[in-house]
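Reader: Before I use any labels for this model, I want to see the criteria behind them. Please set each value against its definition.

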Amino acid sequence: MPSEIRPYRITVPDSAIAALRAKLAKATYPGEVDFSDDWNYGATRNDVSRLARYWERNYDWRLQEANLNKLPHYMTKIAVDGFEELDIHFIHQRSSQANAIPLLFVHGWPGSFLEVTKILHLLAEPRQGQSFHVVAPSLPNFGFSQQVRQRGFTLRQYAECMHRVMLRLGYDKYVTQGGDWGSLITRLIGYDYPKHCLASHINFPFVRLPRTKLLCSGLQFLLKQYSPREKQGFSRTFWYLAEGSGYAMQQSTKPSTLGFSLADSPVALLGWIYEKLHDWTDDYPWTDDEILTWVSIYQFSPAGPAASLRIYYEAYHSRETTLRALQYVSSVPLGISYYPRDLFVVPKSWGKCLGPVVYEATHTHGGHFAAFEEPELFAADLQSMFGETGGAHNVVKMVH
């Protein structure tokens, strides 16, 4: 392990836990109406108030912290061109197998490194098939990584930072996996560092179609030439755009205004994130501890929960960089996994606009947080893509 990398333990101060409980004890909730518990209106009063009471009185962060600290956490300083050096937190689970491939796993919002926890050992020490050295950072402004204090930290800077984490670990050649913002960030890594990023797998195929393709797709839609599964995907996508995407515009335009609420009120933070955990998954049976640990990562983040919103603003106001992440990346083989309850559920033909697709998997269940919801399916896709009969198997020789 390079000397610039140091082991890290999550240690939230007692004062932070006490302050959280004190705020929760004084929380004020909206008055009850006949639609207080209707998810069509947003996070429900009954669920949020119940979770907040549990967070205050019975939830054991120290137990969750101890469980998380069983994982191999590290911290290192990463310099990004034009910005101050940043402390970057990451999990690094090395495999014992000689042919393991270095894999960079990148989360988005409102995710975190927690999304990788169920697949770490499935990928690092599989009973059979391809193995991986798994690296799962907290993005800057997220989790236990440092806050960026300067404006203009765009998706390209996130990509540069993640790439440099891999180089710091000695992984000159590696593969990537991304969902949500991680999908765009890892695609930019492939665009900017194609000699290092040998292949990419995504589970969030966010596509910007060329005009001719869009016209043909529109005609095909009108002529009802899509399959029932593709039509269900359109229905899910249209629901998200019409009913589930308002948060993105707020975070893209005025993140600081919303940030006051999330920084000051743990109940506001809980409602804001829990809505997504509920709406963006495929009837995943969340436990109260899972929900509150997920939200607590934001609550106890050294950067503060407001910092995580800024990725939307910077991406929205740096459209040239963001659009580059949606272009066809010709030099990097691509794998795509499609889950029916994700946010953009597009036809496979659209996914092929992103790059040379060498692996595809269409699942009958699973949502936006697929690695956490369906860890076995998720890990199996990666093993298939890079396995002996997979479209990216040649990466094993290139790495070694």
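Author: Start with the cavities: the count comes to 3 of 30 Å³ or more. This is a predicted model, in which local features need pLDDT of at least 70 and side-chain atom pairs count only at pLDDT 80 or more, while totals for chains, interfaces and linings use all residues. Residues are numbered from 1 along each chain as its sequence is written, and side-chain values use heavy atoms, with hydrogens and water left out.

Reader: What makes a set of points a cavity, and what makes it a pocket?

Author: On a 1 Å grid over the protein atoms alone, a cavity is a set of points where a 1.4 Å probe fits but cannot get out. A pocket is an open set with protein on both sides within 12 Å along at least five of seven lines. Lining residues have an atom within 4 Å of a point. Grid points are joined across faces, edges and corners, and a volume is the space filled by probe spheres set on the points.

Reader: How much space lies in the largest cavity, and which residues line it nearest its centre?

Author: The largest cavity holds about 100 Å³. Its lining has 17 residues, with Glu115, Gly179, Asp180, Asn203 and His368 nearest the centre. Strand E4 (101-106) and helix H16 (370-373) each supply at least two of the lining residues; helices (H or I, at least four residues) and strands (E, at least two) are DSSP runs, numbered from the N terminus.

Reader: How is that lining divided by class?

Author: The lining of the largest cavity has 8 nonpolar, 7 polar and 2 charged residues. Ala, Val, Leu, Ile, Met, Phe, Trp, Tyr, Cys and Pro count as nonpolar, Asp, Glu, Lys and Arg as charged, and the others, Gly among them, as polar.

Reader: What is the volume of the second largest cavity, and which helix gives the most to its lining?

Author: The volume is about 50 Å³, and helix H6 (residues 181-192) gives the most to the lining, with 3 residues. Residues lining this second largest cavity include Thr186, Arg187, Val329 and Leu354.

Reader: What lines the largest pocket?

Author: The largest pocket, with a volume of about 900 Å³, is lined by 30 residues, of which Phe206, Tyr240, Leu241, Leu326 and Phe344 lie nearest its centre. Helix H8 gives the most, with 5 residues. By class, the lining of this pocket has 23 nonpolar, 4 polar and 3 charged residues.

Reader: Are Cys197 and Arg127 buried or exposed?

Author: Buried means under 20% relative accessible area, exposed over 50%, and partly exposed in between (1.4 Å probe, protein chains only). Cys197 is at 1%, so it counts as buried. Cys353, at 18%, is buried as well. Arg127 is at 91% and so counts as exposed; Arg127 lies in the loop between helix H4 (120-124) and strand E5 (132-137).

Reader: Why is the chain as compact as a globular protein of that length?

Author: The protein chain has 18 helices and 9 strands. Its radius of gyration is 21 Å, close to the 21 Å that the globule rule gives for 400 residues, so the chain is as compact as a globular protein of that length. The radius is taken over C-alpha atoms, and the rule is 2.2 Å times the number of residues to the power 0.38. Of the 400 residues, 57% count as buried.
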